[in-house]
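Let's take a walk through this model together, one selection at a time. Keep your viewer open and follow along.

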Amino acid sequence: MEMQGSAVDTLLGGIEAGGTKFNCVVAAGVDDIRERASFPTTSPEQTLSKVAQFFHESSQRHGAVSALGIASFGPVNLDPTSSLYGYITQTPKVGWSNTDMAGYFSQALSVPVAFDTDVNGAALGEHLCGAATDVTNFVYVTIGTGIGAGIMIDGKLINGSMHPEIGHMLMPRDNRRDPFNGNCPFHDNCLEGLASGPAIENRWGLRGQHLEQSHPAWDLEAEYLAVMCVNLTSCYSPQRIILGGGVMDQTHLFDRIRAKFLSLAGGYYPQVSESNIKKYIVAPKLVGRSGEIGSLRMAQHLYNNKNVIA
Ligand code: ZN
């Protein structure tokens with residue numbers, strides 16, 4: 001896909017800011033990547049200065065970027081009228097609460113900065129060139145260290161008063177079957193606390209990749225994620241639900257989730273049936289690239305609109 005600017009070589013920057021690493025890219029389009037780099041997420045001071053240094057050095061090799069898109073882990077402040085716009089707010093990630101992400105890079109690199117959640121960035125990437133190019137209503141969920149979702153309705157990502165926090169929807173839990181009430185510091189029985197990668201590890205004492213496919217962990221995991229899919233279907237009436245993130249590397253989960261979805265849904269949703277559920281609950285197509293493409297698209301959009309937040 002082309003990303004058109006006013007000049008052939010308009011360069012854009014993208015940052016996929018994750019809790020584990022920051023992936024950075026300089027590109028003239030999603031198919032014209034000039035440079036990539038990745039930095040582990042340590043302290044904000046160290047991480048942000050390394051990322052800024054990468055863009056400074058890259059500008060000497062390729063030229064300066066005209067706009068930067070940041071798709072960040074959160075929670076984040078996306079209210080453009082707030083003095084804390086572009087900040088990571090209260091996060092369980094140690095040391096990162098109240099970090100000014102957008103402001104830091106707009107000052108350090110003197111560029112306009114587009115800022116959104118990591119999951120919105122990934123959803124945008126999947127919509128542009130991945131598993132959601134043919135729909136305008138869908139949910140992209142990542143199930144990994146945390147659980148979060150980007151929700152597109154009528155072609156627009158929704159943020160509302162803050163941004164959706166799918167990971168903290170409250171879940172039914174059968175205490176006899178699952179006595180673990182979750183590892184979220186804020187809630188008992190929320191989805192992230194029960195079904196994220198760390199939840200699996202805390203409940204069973206082993207990381208997910210060390211649990212056999214026959215382990216009861218996976219039936220339980222599929223059940224929680226199927227409940228989530230039913231709830232998302234009830235709330236947003238999406239045309240598709242994309243499930244990504246490290247936990248979904250266990251690809252056997254997809255069919256289990258689909259089967260439980262059909263059973264829990266009770267035939268209530270005519271748009272989802274046994275014949276089309278494989279097209280309804282799907283894997284991402286841009287594994288490892290959706291955040292990069294989404295952050296570049298955010299930068300492109302900002303550049304095109306000259307909507308400078310610097
Ligand atoms: Zn929670």
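This is a predicted model: local features need pLDDT of at least 70, side-chain atom pairs count only at pLDDT 80 or more; totals for chains, interfaces and linings use all residues.

Show the side chain and look for its partner: Asp-32 forms a salt bridge with Arg-34, and the closest N and O atoms are 2.9 Å apart.

How exposed are the two ends, by relative accessibility? Arg-34 comes out at 29% and so counts as partly exposed; Asp-9, at 49%, also counts as partly exposed. Display Asp-9, Asp-32 and Arg-34 together and you have a network of salt bridges.

Stay on strand S3 and select Arg-36, then Glu-292. Their side chains meet in a salt bridge at 2.7 Å, N to O. Glu-292 lies in helix H9 (residues 290–305) and Arg-36 in strand S3, so this pair ties together parts that are 256 residues apart in sequence. Is Glu-292 buried or exposed? With a relative accessibility of 9%, below the 20% limit, Glu-292 counts as buried.

**Next stop: the backbone**

Most peptide bonds are trans, and most residues other than glycine have a negative phi. With that in mind, select Gly-74 and Pro-75: the peptide bond from Gly-74 to Pro-75 is cis, with omega near 10 degrees. You will find Pro-75 in the loop between strand S4 (67–72) and strand S5 (87–88).

Move on to Asn-189, in the loop between strand S10 (156–157) and helix H4 (191–195). Phi of Asn-189 is positive, near 65 degrees. Then select Ser-237, where phi is also positive, near 50 degrees. Ser-237 is in the loop between helix H6 (216–236) and strand S11 (240–244), and with a relative accessible area of 47% it is partly exposed.

**Last stop: the nonpolar cores**

Select Val-141, Leu-191, Met-228, Leu-243, Ile-257, Phe-261 and Ile-281. These have the most contacts inside the largest nonpolar core, which has 40 residues. Which elements give two or more residues to this core? They are strand S8 (138–143), strand S9 (147–153), H4, H6, S11, helix H7 (252–265) and helix H8 (277–280). Color H6 if you want to see the element that gives the most, with 12 residues.

Zoom in on Val-141 and show its surroundings. Leaving out residues up to four places away in sequence, Val-141 touches Ile-147, Gly-148, Ala-149, Met-228, Leu-232, Ile-241, Ile-242, Leu-243 and Gly-244.

Technical notes:
Residues are numbered from 1 along each chain as its sequence is written. Side-chain values use heavy atoms; hydrogens and water are left out. Buried means under 20% relative accessible area, exposed over 50%, partly exposed in between (1.4 Å probe, protein chains only). A salt bridge is a side-chain nitrogen of Lys or Arg within 4 Å of a carboxyl oxygen of Asp or Glu. Helices (H or I, at least four residues) and strands (E, at least two) are DSSP runs, numbered from the N terminus. A nonpolar core is a set of buried Ala, Val, Leu, Ile, Met, Phe, Trp, Tyr and Cys residues joined through side-chain atoms within 4.5 Å. Contact means heavy atoms within 4.5 Å.
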